[in-house]
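Then follow the text from one chain to the place where two chains meet.

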2 protein chains.
Amino acid sequence: MELWFTEKQTENFGITAKVNKSLHTEKTDFQQLDMIQTKEFGNMLVLDGMVMTTEKDEFVYHEMVTHPVLFTHPNPKHVLVVGGGDGGAIREVLKHPQVEKVVLVEIDGKVIEYSKKYLPSIAGKLDDARVEVLVDDGFMHIHKNKNQYDVIMVDSTEPVGPAAPLFERGFYQGIYESLKEDGLFVAQTDNPWFKSELIKKVFKDVREIFPITKLYTCNIPTYPSGMWTFTIGSKKYDPEAVDISTIPEIDTKYYTPKIHKACFVLPRFVELLTK
Amino acid sequence: MELWFTEKQTENFGITAKVNKSLHTEKTDFQQLDMIQTKEFGNMLVLDGMVMTTEKDEFVYHEMVTHPVLFTHPNPKHVLVVGGGDGGAIREVLKHPQVEKVVLVEIDGKVIEYSKKYLPSIAGKLDDARVEVLVDDGFMHIHKNKNQYDVIMVDSTEPVGPAAPLFERGFYQGIYESLKEDGLFVAQTDNPWFKSELIKKVFKDVREIFPITKLYTCNIPTYPSGMWTFTIGSKKYDPEAVDISTIPEIDTKYYTPKIHKACFVLPRFVELLTK
């Protein structure tokens, strides 16, 4: 028997991956969690039927959600990751020696538990001494922690299910208040081929709150359309104004100082979403 | 009944698209040709089971195979497109007023015939007065036409079937000889996630023949991994040295002068393929 996992990324289009075996399947308190072993992309975390991360291509997302903002802030000591229970963003944050403490607020403890078990190359740094893991609601956490963070990363699932509030204007306002006076944040904001209206809405909301708002992209094969966007809101520092000659060498497979600049250059149809 | 077309982009991974209806299916002298109407991407040309182009995302490939090389050459008068029977590259070439003549050499006349019929927004310029369409072997054409072209574009299918010779070193040597003394060429060279060895081989072959060799990327949702590469070989002009402030405004949806620079900035794992 051949087993294939198919994600319908839209009603009419999808990806399909050959599966060696199912490693775990569970209805958690928040979502359907599946861990499968695929032939092409290694172990794969699937939430509510959507690919969250895979061993083969996870480095793109995790490097690109962290390094552009962390290298924009001159001294990111106190960092928050909302979501990101697989631990990949944490692994990348810890490559920055200035970071004294990084808090992970993941609503679903089962994501952490099964990522540690089946995605050790991604989740392996969750027990680092600089990391505080909270199984809690990210929305509530930011509202309880004002003027706390230098950098916040929103590493959420899609805007359906438990992550829906993380795409609302009130959440970005809360982030603004949870950041210190020179802080900045980044959120994953889906793809421009199938979700252009979402990108436009988030960009508009963030621009109404933050003085500096930027959109950037990267390529992730297992995510819809292969092109992923991130939206930055910043109180003071402009990610495009960074002197990339000052960025130190770190161990990455996607991000480079030149990518730090180039990722903000948008194809025309994407640039139009920010106008 | 629901009809879905699935392309296995590798043995273990693929895309799947909902199909309204099959418009045409034929075994030509060279390949299996299918034209289908999909819900997500509009009409889609499929050769030997592989997506060649779709109405919705074709603009990326066709803009990015033409404008970077054409805006690198200061006066591209005489242009050759090898393959490209759908006519999309021709449409973009004709946006350059300096081009006096563009020759299309497509081995399979059926691709031209059914593109004109079912992809009119792509093939609509094939009857332009500046275009000469030859149904012929591209490999032979370049060997018969020495010192002829300012710019050559290799808009081929994958390196299996009729296009296999277009990925061999002898073909690039032939292109070198078919170009004028300051000419340059570009070839589509597949994706870095599943075909990294092919990219390395082509880059090495081209670098042994041309003094300037460059790799660049773009995002195409219906192509494997969503990230596509192109390889340029140039005798004189460096595509990265173009003063982009001199690039005139043209009607595009993906390419912009800033993209002209940014597309050459490679993620680290892709850059390593060129070392």
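What follows starts with chain A and then turns to its interface with chain B.

This is a predicted model, in which local features need pLDDT of at least 70, side-chain atom pairs count only at pLDDT 80 or more, and totals for chains, interfaces and linings use all residues. Residues are numbered from 1 along each chain as its sequence is written, chains are lettered from A and ligands numbered from 1 in the order in which they are written, and side-chain values use heavy atoms, with hydrogens and water left out.

Begin with chain A. It has 9 helices and 12 strands. Helices (H or I, at least four residues) and strands (E, at least two) are DSSP runs, numbered from the N terminus. The radius of gyration of chain A is 18 Å, close to the 19 Å that the globule rule gives for 275 residues, so chain A is as compact as a globular protein of that length. That radius is taken over C-alpha atoms, and the globule rule is 2.2 Å times the number of residues to the power 0.38. Along the principal axes, the C-alpha atoms of chain A fill a box of roughly 55 × 45 × 35 Å.

Now look at charges. Side chains of opposite charge can pair when their charged atoms come close. A salt bridge here is a side-chain nitrogen of Lys or Arg within 4 Å of a carboxyl oxygen of Asp or Glu. Over all chains, the structure holds 40 salt bridges. One of them joins A:Lys18 and A:Glu2 (3.3 Å, N to O). This pair links distant parts of the chain: A:Lys18 lies in strand β2 of chain A, A:Glu2 in the segment before β1, 16 residues apart.

Next, the interface. How many residues of chain A are in contact with chain B? There are 41, and they touch 41 residues of chain B. Contact means heavy atoms within 4.5 Å. The two chains bury about 3600 Å² between them, 64% of it on carbon and sulfur atoms. Buried area is the accessible area (1.4 Å probe) that two parts lose on being put together, summed over both.

Across this interface the rule finds 2 salt bridges. B:Arg268 and A:Glu249 meet in a salt bridge of 3.5 Å, N to O.

Finally, find the strands. β2(A) and strand β2 (residues 13-27) of chain B pair in the antiparallel sense over 5 bridges. Strands pair if DSSP finds at least two bridges between them. In β2(B), B:Ala17 is the bridge partner of A:Phe13.
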